[in-house]
Amino acid sequence: IVTNDFKVSNGGPSTSGNFRLDFPLLREVGGAFELSSAEDLEVLKERETEAASFPVLVKVGSLLVTNTDLTTLVGSFGAADVPEGALPSLSTVSGTLTVSSNANLTSLALPSLSTVEGTLTVSSNANLASLALPSLSTVEGALIMTSNGKLVQVSLEALRRVGPVDGRTARNFEFSDNAADPGALGNVVI
């Protein structure tokens with residue numbers, strides 16, 4: 001357990017040679033879990049033997065993935081058994097979840113994520129084509145998906161509630177400038 005923030009950003013590991021960002025026992029980050037401005041992560045998409053893996057991480061205070069060179073942020077193991085940004089067990093974000101400005105990101109999948117206790121933002125990921133959060137049932141804050149021009153597949157089948165119960169937030173849902181139709185979101189109570 002990391003009680004404070006966990007950040008990977010510029011100044012991280014060298015991109016020369018093979019490396020693997022692997023934390024097989026990390027279960028919880030009490031503060032922010034952040035992958036940002038991490039040009040060093042570009043190496044993850046170039047070699048199948050390299051990856052970022054957090055296989056038992058179940059809870060974070062907040063999750064920020066921004067300005068990285070990652071091509072996928074997936075939560076299930078793929079053909080190589082070590083996909084980029086593997087977060088297969090992440091179930092709870094007790095603050096905000098933001099994935100933005102990742103120019104090479106094509107796929108975002110967090111199969112175990114069920115609750116975001118803050119705002120969920122997926123924005124300005126120019127090549128994001130697929131978003132799969134099949135277990136996500138509740139977003140306590142706003143749900144914002146904007147400017148993901150190639151987003152055509154959206155899987156939010158368990159999503160039932162977005163925004164505060166008291167209804168004081170005037171705009172707690174925004175879905176614009178994406179290739180997918182907002183109707184693809186199914187039965188969501190807003």
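Two strands pair if DSSP finds at least two bridges between them, and strands here are DSSP runs of E at least two residues long, with helices being H or I runs of at least four, all numbered from the N terminus. With that in hand, let's start at β5: four bridges join β5 to β8, and the two run parallel.

Quick housekeeping before I go on. This is a predicted model, so to speak of local features we need pLDDT of at least 70, side-chain atom pairs count only at pLDDT 80 or more, and totals for chains, interfaces and linings use all residues. Residues are numbered from 1 along each chain as its sequence is written, and side-chain values use heavy atoms, with hydrogens and water left out.

Okay, the overall picture. Of its 190 residues, 49% count as buried, meaning under 20% relative accessible area with a 1.4 Å probe, protein chains only; exposed is over 50%, and partly exposed is in between. As for contacts (heavy atoms within 4.5 Å), take those with a separation of 6 or more: 62% of them link residues 24 or more positions apart.

Back to β5. Six of its eight residues are buried. Who are its partners? Besides β8, there's β3, parallel over seven bridges, and β7, residues 92-93, parallel with two bridges. If you want to find these on screen, S36 stands opposite T66 in β5, K59 faces T92 in β7, and V65 has V99 in β8 as its bridge partner.

Now the inside. The largest nonpolar core has 38 residues; a core here is a set of buried Ala, Val, Leu, Ile, Met, Phe, Trp, Tyr and Cys residues joined through side-chain atoms within 4.5 Å. Which members touch the most others? They're F33, L57, L97, L113, L120 and L136. Strands β1, β3, β5, β8, β11 and β14 each supply at least two residues of that core.

Let me pick out L136. Setting aside neighbours within four places in sequence, L136 contacts L113, S114, T115, V116, L120, L156, A158 and L159.

You'll find R160 in the loop between β15 (153-155) and β16 (161-162). Buried, exposed or partly exposed? R160 counts as partly exposed, because its relative accessibility is 45%.
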